[in-house]
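This briefing concerns model confidence and the pairing of aromatic rings. Please consult the sequence and the structure shown below while reading.

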Amino acid sequence: MTKTFPLLPLAAGLMLAGPLHAADLDAGKAKASDICADCHGMDGKEDKEFPIAGMSVEDFTKAMKEYQNGTRTKSKKMTKAANKVNDADIADLAAYYGAQPK
């Protein structure tokens, strides 16, 4: 008897979990227009203190998660904006702003 049996429930669970969200640039652009563009602009460069154009997906996601969980408290406006988006929105926004030239 092989020792693969304990891995079967894990493998089955991963298969049932479904695919991860693939970032959608068009959805990111639409969400940026609704939530981010007032301060950061559509190009991500208007906020001179914190430009987000060309920001890595990892850094963008980390920042948004920290605003959501209260780790970052520098900006009440950012906390409010971050709490309007879900994980899929964050992935889309990160992809959109990450694709903008610095």
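A residue is called buried at under 20% relative accessible area, exposed at over 50% and partly exposed in between, with a 1.4 Å probe and protein chains only. By this scale, Y96 and Y97 are both buried. The model is predicted: local features need pLDDT of at least 70, side-chain atom pairs count only at pLDDT 80 or more, and totals for chains, interfaces and linings use all residues. Numbering starts from 1 along each chain as its sequence is written, and side-chain values use heavy atoms, leaving out hydrogens and water.

**Confidence**

- The protein chain has a mean pLDDT (the predictor's confidence in each residue, from 0 to 100) of 86, and 80% of its residues reach 70 or more.

**Aromatic pairs**

- Rings of Phe, Tyr and Trp (its six-membered ring) pair if their centres lie within 6.5 Å; planes under 30 degrees apart count as stacked, over 60 as edge-to-face and the rest as tilted.
- F60 and Y97 are stacked, because their ring centres are 6.4 Å apart and their planes lie at 25°.
- F60 belongs to helix 3 (residues 57-69) and Y97 to helix 5, so this pair ties together parts 37 residues apart in sequence.
- F60 is buried, as is Y97.
- Y96 and Y97 form an edge-to-face pair, at 5.1 Å centre to centre with 70° between the planes.
- Through ring pairs, F60, Y96 and Y97 are linked into a cluster.

Terms used
Helices (H or I, at least four residues) and strands (E, at least two) are DSSP runs, numbered from the N terminus.
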